[in-house]
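Morning, everyone. Please look at the screen while I take you through a few spots in this protein.

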Amino acid sequence: CCPNSPYRDFAVAQTEELCRAYPFNGIFFDMLFWPYVCYCDYCRARFEREAGAQPPEVVDWHNPTWMAFQRARERWMKEFAGELTAAVRRARPSMTVTHQMSPVLHGWVLGMPYSLAEHCDYCSGDFYGPAIQQSLVCKIYEAISTRKPFEFHTSRCVHLWDHVTMKSAARLETQASLAPAHGSAFMFIDAIDPEGTLNRGVYERIGRVFAKLAPYEPYLGGSLTADVAIYVSPESRFDFRENGVPVNRQAPGASNMSLAASMPHLNAVMGAAKALQEAHLPFAVVTPANLAALHRYRVLLLPDVLVMSDAEIAAIRAFVAQGGALYASGRTSLVAENGVPRADFGLAEVLGVSYQGTGATGLSFITPREPALASVVEPQDHLIHHGGQLQVVATTAEVLATVTLPYYPETGGTVLRPSFASIHSNPPGPTGSAPAVCLARWGQGLACYAAGAIEAEEHAISRDLVAALVRRLQGGPARVEAEAPRFVELTVFAKEAEQRLNISLVSLRDAEEPLPCRAAVRVRLRRGERPVALRALPSGEAHPYDEPAPGVLHFVVPDLETLRLFELEYEVNR
Ligand SMILES: [Zn+2]
């Protein structure tokens with residue numbers, strides 16, 4: 001059923017016929033993506049016609065033809081989605097149309113570009129990962145959904161392959177609560193029993209969660225507000241380690257990839273999201289489609305962005321020139337969008353560093369040199385780092401931390417330790433001088449470069465280091481910030497016309513029972529703004545606050561369990 005075959009016309013005609021025959025309210029096209037790399041005669045002929053080349057049969061992300069083939073696969077899938085949406089509109093113009101957008105977090109094989117959102121009235125998709133995944137997806141959908149609210153789905157069972165084991169009441173409530181915290185719609189997925197019945201008790205439990213959250217709905221809306229944004233590059237959803245892997249043509253209709261590689265960029269994006277969430281730094285997502293919105297943010301994170309076009313680099317340079325701040329890690333800007341490596345980072349001048357080589361590929365350490373950075377990790381002297389650190393030299397940047405190699409070189413995952421008493425761990429060797437973390441001033445802005453994707457490491461202390469760098473790049477306090485346990489997320493929505501901010505706190509703690517905790521929130525209003533009222537939602541009751549300084553408002557939530565939402569109304573002195 002390749003969409004380049006006559007199947008396309010069949011699917012479009014069937015869609016139109018169904019929509020004319022039945023008064024549907026809306027349609028959700030589920031799973032419109034490539035389950036495998038198609039080399040059918042239609043795909044081959046079309047690629048030859050469009051690109052003047054045969055579709056390559058070996059993965060090579062440095063080969064412009066392979067890269068062009070991947071872009072073609074995405075373009076073809078988007079075109080098919082557009083024809084289906086148009087068929088619905090022809091038949092029943094008032095219907096809402098959307099497509100499954102969960103592949104925003106999936107790899108390149110599915111071939112679904114972010115711009116497919118242009119054929120959706122709103123973004124919608126199902127996900128089954130931890131709470132931070134849901135939080136990140138909401139920011140991606142906020143960035144790419146043509147209309148709001150977007151919609152998030154997840155299963156009421158522990159995962160999709162379990163028909164009976166229900167998520168705990170606390171987990172159901174946490175997942176549903178992330179929806180009002182992001183102004184989104186929410187749906188629990190239930191698999192129908194073979195005899196066509198539903199379990200009444202299940203719906204009563206879900207109903208109790210929705211009954212708690214429905215009263216918030218009239219207060220939702222506005223736009224996600226943050227000082228920090230993470231750059232998500234849809235074109236970087238691959239792994240250079242796949243290079244050389246043949247795509248098997250012999251198994252049409254089956255997954256014809258022999259290697260299910262990871263996605264270093266999206267792993268780093270997820271780690272960056274977790275670092276910001278744990279530090280209660282509200283964040284948003286920027287994609288190539290909304291680069292024009294960069295000026296809204298003070299700090300932009302570029303987590304190991306594998307490919308970057310000249311246009312992306314130009315927009316980011318302009319952002320820093322005008323006073324924005326960057327955190328860039330790993331291979332960011334080293335490879336052009338057609339896969340061809342640049343001689344140096346496209347952002348070399350901005351970052352104040354120059355590329356020298358692949359550097360440490362296995363175990364290495366990050367050793368703070370500067371006292372302010374050292375204090376973040378103390379009493380540790382080093383951070384362990386597994387993801388590799390590029391070899392760079394600082395041209396204009398100041399070196400804040402250096403790369404330390406392990407005491408014993410590793411070969412094939414093992415080390416021979418002839419004389420050291422530690423039988424399991426490999427200690428850091430002598431401190432080197434190669435830069436691990438650098439900070440440069442460029443134009444009116446600042447740029448921090450990390451030779452490895454620190455944000456992708458598993459331990460909290462690595463994320464703490466990234467958060468500390470982001471705070472420093474921010475150059476002053478955030479508009480809204482919180483002191484709360486690590487598992488709490490702070491989100492802020494602005495309703496400029498109504499002169500209100502919606503401030504929400506959600507516990508992402510994954511446990512059977514909620515753990516009540518204390519959170520303190522500090523809001524810095526902009527020049528000329530004065531607080532009028534702080535209301536706890538949905539009751540609308542006044543919530544106590546104090547003003548430690550003019551335009552600064554501070555309030556405490558002594559007993560956060562799952563979700564608290566506040567509305568801050570302000571006035572503007574003219
Ligand atoms: Zn095909």
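What spacing do the donors of the zinc ion follow along the chain? It is C-x35-C-x1-C-x2-C. Keep in mind that this is a predicted model.

Now put names to that pattern. The protein donors are Cys-2, Cys-38, Cys-40 and Cys-43, each through its SG atom. They lie 2.2 to 2.3 Å from the zinc ion.

What is the arrangement around the metal? Look at the angles. The four donor atoms subtend 95 to 115 degrees around the zinc ion, so the arrangement is tetrahedral. To count as tetrahedral, four donors need all angles between 85 and 135 degrees. For reference, the ideal angle for four tetrahedral donors is 109.5 degrees.

Are these cysteines buried or exposed? Take two of them. Cys-38 has 6% relative accessibility, so Cys-38 counts as buried. Cys-43 is buried too, with a relative accessible area of 1%. The cut-off for buried is under 20%.

Next, the surface. Leu-18, Tyr-22 and Phe-24 make a nonpolar patch of about 280 Å². Find Tyr-22 in the loop between helix H1 (7-21) and strand E1 (26-29). Tyr-22 has 46% relative accessibility, so it counts as partly exposed.

On to the aromatic rings. How many aromatic pairs are there? The count comes to 22. I will show two.

First pair on my list: Phe-188 and Phe-210. Their ring centres are 5.7 Å apart and their planes are at 25 degrees, so the pair is stacked. Planes under 30 degrees apart count as stacked. This pair links distant parts of the chain. Phe-188 sits in strand E5 (residues 185-189), and Phe-210 sits in helix H6 (residues 200-213), 22 residues apart. Phe-188 is buried at 11% relative accessibility, whereas Phe-210 is partly exposed at 33%.

Next pair: Phe-345 and Tyr-355. Here the centres are 5.8 Å apart and the planes are at 75 degrees, so the pair is edge-to-face. The cut-off for that is over 60 degrees. Again, distant parts of the chain are linked, with the two residues ten apart. Phe-345 is in the loop between strand E10 (325-329) and helix H9 (348-351). Tyr-355 is in strand E11 (residues 353-360). Phe-345 is buried, with a relative accessible area of 3%. Tyr-355 is partly exposed, with 22%.

One last stop. Ring pairs also link residues into a cluster. Its members are Tyr-39, Phe-47, Trp-61, Trp-66, Phe-69, Trp-108, Phe-238 and Phe-240.

Notes: Residues numbered from 1 in each chain as written. Predicted model: local features only at pLDDT ≥ 70, side-chain atom pairs only at ≥ 80, totals over all residues. Heavy atoms only, no water. Donors = N, O, S within 2.8 Å, 3.2 Å for Na, K, Ca; no water. Tetrahedral: all angles 85-135°; square planar, octahedral: opposite > 155°, others 65-115°. Buried < 20%, exposed > 50% of the residue type's maximum accessible area, 1.4 Å probe, protein only. Patch = residues over 30% accessible without salt bridge, like charges linked within 9 Å, V, L, I, M, F, W, Y side chains within 5 Å. Areas by Shrake-Rupley, 256 points an atom, 1.4 Å probe, with all protein chains shown as cover. Salt bridge = Lys/Arg side-chain N within 4 Å of Asp/Glu carboxyl O. Helix = DSSP H or I, 4+ residues; strand = E, 2+ residues; numbered from the N terminus. Phe/Tyr/Trp six-rings, centres within 6.5 Å; stacked < 30°, edge-to-face > 60°.
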